[in-house]
Amino acid sequence: MTTTGTGRPAVEGLRERKKRAMRRQLSDTAARMFLERGFDAVRVADVGEACGVSEKTVFNYFPSKEALLLDRLEATADALRTHLPDPALTPVDAMLTILDHELDGLATALAADHALAQYRKFGDLIRHTPSLRAYQSDIADRFVDIAAEALATRTGLRPDDPEPQIAAATLLGLWRVQFRALRTHVRPGHPLPAAIEAVSGEVRRAAHLAEAGLATFPAPAKPR
């Protein structure tokens with residue numbers, strides 16, 4: 001999406017809408033095919049054929065087969081870049097803002113019929129597919145780098161200095177806590193509102209500990 005001279009987003013053009021729609025179609029189709037047939041049994045070319053495009057076109061939108069399923073995690077990367085530099089929020093409060101938004105969106109999505117069963121199958125698919133687990137781990141590592149860059153903007157420190165690095169790793173630990181808590185609490189037979197509340201409670205328990213450790217961040221810039 002382009003922006004106007006004022007910095008505000010301009011109206012999305014037809015080309016951008018078509019590209020976004022195709023990207024969503026490819027991702028949704030891939031997810032359905034992977035869940036039905038297994039990740040390894042579906043080729044990227046199969047996904048393209050199902051959407052009426054070539055394998056090359058699929059790779060124009062997604063860098064890898066794994067990204068077809070997990071590319072929506074890019075929204076988390078964008079949120080890190082947006083919220084973590086905000087000086088009005090502590091680093092932990094900024095991370096909780098991100099996680100609460102993700103949890104609210106998931107709760108809305110899971111309220112639909114059969115969504116919970118699909119969500120569980122999605123999680124099983126990731127855990128049982130080594131390449132997806134590795135890709136998810138790589139994404140988590142990249143999130144730490146993104147968070148360190150965002151946090152470094154609060155100070156005169158570099159992203160690879162110890163303070164932004166440890167702060168970023170700690171904050172992304174909260175993301176992992178939420179991910180694991182979702183698997184524990186969001187399951188058939190458990191009321192969804194109570195499950196979401198339990199997940200939020202666990203994240204905040206962890207956040208309380210992280211807040212104590214990060215109370216002195218951002219550290220003042222030191223002369224080199």
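How many nonpolar, polar and charged residues does the lining of the largest pocket have? In this predicted model, the lining of that pocket comprises 21 nonpolar, nine polar and ten charged residues. At least two lining residues come from each of H1, H4, helix H5 (74-83), helix H6 (91-110), helix H7 (115-127), H8 and helix H9 (162-185). The greatest contribution, eight residues, is that of H6.

The second largest pocket has a volume of about 310 Å³. Its lining has two nonpolar, one polar and seven charged residues; among the residues that line this pocket are Arg20, Arg23, Arg24, Asp71, Arg72, Glu74 and Asp78. H1 and H5 each provide at least two lining residues, with H1 giving the largest share, four residues.

The largest nonpolar core contains 53 residues, of which Leu68, Met95 and Phe143 touch the most other members. Helix H8 (residues 130-152) supplies the largest share of this core, eleven residues. A second, separate core of eleven residues includes Ala107, Ala115, Val186 and Ala195. Beyond its neighbours within four places in sequence, Leu68 is in contact with Leu26, Ser27, Ala30, Phe34, Val44, Val47, Val58 and Phe62.

Just after H2, glycine 52 adopts a positive phi of about 80 degrees.

Notes: Residues numbered from 1 in each chain as written. Predicted model: local features only at pLDDT ≥ 70, side-chain atom pairs only at ≥ 80, totals over all residues. Heavy atoms only, no water. Core = buried A, V, L, I, M, F, W, Y, C linked by side-chain atoms within 4.5 Å. Buried < 20%, exposed > 50% of the residue type's maximum accessible area, 1.4 Å probe, protein only. Contact = heavy atoms within 4.5 Å. Nonpolar A, V, L, I, M, F, W, Y, C, P; charged D, E, K, R; others polar. 1 Å grid on protein atoms, 1.4 Å probe; cavity = no way out; pocket = protein on both sides within 12 Å on 5 of 7 lines; lining within 4 Å. Points joined across faces, edges and corners; volume = space filled by probe spheres on them.
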